[in-house]
Amino acid sequence: MNNREERILLGHGSGGRLSHDLIKNIILPAFTNPALAELHDGARLELGGARLAFTTDSYVVKPRFFPGGNIGKLAVCGTVNDLAMCGAQALYLSAGFILEEGLPVAELKQIVESMRQTALEANVDIVTGDTKVVEKGAVDGIYINTAGIGVMLPKAHIAAERVKPGQDIIVSGHLGDHAIAVMSERHGLTLPEQIISDCTPLNKLIQAMLTEVPQITMLRDPTRGGLATTLNEIAADAGVGMILEESAIPVRPEVVAVCELLGFDPLYLANEGKVITIVEKEYSEKVLTIMRQHEISAAARIIGAVTAQPAGQVALRTNVGGLRLLDMLSGEQLPRIC
């Protein structure tokens, strides 16, 4: 943060450049250690000879209920998916609730039941937690924190240093559905019924992929900041470039239409049930075959390739043939999206 940004802005929670600067300038200097320095979706640790992954996240989405999910489902999916992106099988979660005085008990029951169902679907147990109640107006109904621990899958080695020029970039399906679903509910917009949040556990899909293709070099879920910001982070960490093909990136026409109407860019919209996979070209078709056997990734596509140049940057080859540089999200398109 510079002198003009002495207070926290909504943009610091965007997952984009302001978030990156906040972590780099404030968080990392205070807590620096090798596990944290990887800045992946979770920490990979060794304990008594076991290879573990550990992660935590907090959820403040507004509104609490949206087409395709609610804050409870989102909390379980988000933490399970972060462990999966590390190459780990999720085992146990914690759940911490901060409740606003006056929250309807029936609404809390509905959220908790959704968490139970999603944990069952993901085959994880919620084994510990905490509850706090604060004065009316101190939070917006309910905030949830979850942490998760899992065991690394055999042979899985997900690391930025393994991302090299010549590898393919694959995305598991249509982008922007979650952000548009939340935004439509927030602002009372009527959208086609097929536009619902993609919020879903990805762990079974990732386990199938890594079991058959342990050569996968990188997995990331493009949540806050979307596809463009996530790929910029990977490119910077790996010291490589990336070129994406606009014609290959899957975005529903309805999402494109809303983005054009409201001035959003779908490449920066949050997703909660998508995975970016980077792998050597010789394994790409095998990865795609596995992904397309699962309903949640039936629309998987190769969207581009890792290049040597421009190092640390991501470029988009547009439908008219030009190259457009994609930077990290610089502000906040949609606050409180997760």
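In strand S2, Arg51 is the bridge partner of Glu46. These two residues belong to a pair of antiparallel strands, S1 (residues 43-47) and S2 (residues 50-59), joined over five bridges. Strands here are DSSP runs of E with at least two residues, helices are runs of H or I with at least four residues, and both are numbered from the N terminus. Two strands count as paired if DSSP finds at least two bridges between them. Strands of a sheet pair through backbone hydrogen bonds, either parallel or antiparallel. S1 and S2 make a hairpin with two residues between them, and Gly48 in the turn has a positive phi of about 60°.

A word on where the values come from. This is a predicted model, in which local features need pLDDT of at least 70 and side-chain atom pairs count only at pLDDT 80 or more, while totals for chains, interfaces and linings use all residues. Residues are numbered from 1 along each chain as its sequence is written, and side-chain values use heavy atoms, with hydrogens and water left out.

Now let's step back to the whole chain. The protein chain has nine helices and 14 strands. Its radius of gyration, taken over C-alpha atoms, is 19 Å; a compact globule of 338 residues would have one near 20 Å, so the two agree (the globule rule is 2.2 Å times the number of residues to the power 0.38). The C-alpha trace spans about 55 × 55 × 50 Å along its principal axes. Of the 338 residues, 51% count as buried, where buried means under 20% relative accessible area, exposed over 50%, and partly exposed in between, with a 1.4 Å probe and protein chains only. Among contacts (heavy atoms within 4.5 Å) between residues at least 6 apart in sequence, 83% join residues at least 24 apart.

Next comes an open sheet. Seven strands form it in the order S9-S11-S8-S12-S10-S13-S14, with mixed pairing. Strands S9 (218-220) and S14 (323-326) stand at the edges with a single partner strand each, so one side of each has no neighbour in the sheet. On average, neighbouring strands of this sheet are turned by 25° against each other, direction ignored. Such angles run from 0 to 180 degrees between N-to-C directions, and the axes are lines fitted to C-alpha atoms, for helices over the stretch in contact. Within the sheet, S10 (residues 241-245) and S12 (residues 301-307) run antiparallel and are joined by four bridges. Gly241 stands opposite Thr307 in S12. Helix H7 (residues 226-238) lies across several strands, including S8 (168-171) and S10, and runs at about 155° to S10.

What about the cysteines? A search of the whole structure finds zero disulfides, a disulfide being a pair of cysteine sulfur atoms within 2.5 Å.

Finally, which residues does Gly11 touch, leaving aside its neighbours within four places in sequence? Gly11 is in contact with Leu18, Ser19, Gly331 and Glu332. Gly11 lies in the segment before helix H1 (17-31), and at 7% relative accessibility it counts as buried. Gly11 and Leu329 are 318 residues apart in sequence, yet 9.1 Å apart in space, C-alpha to C-alpha.
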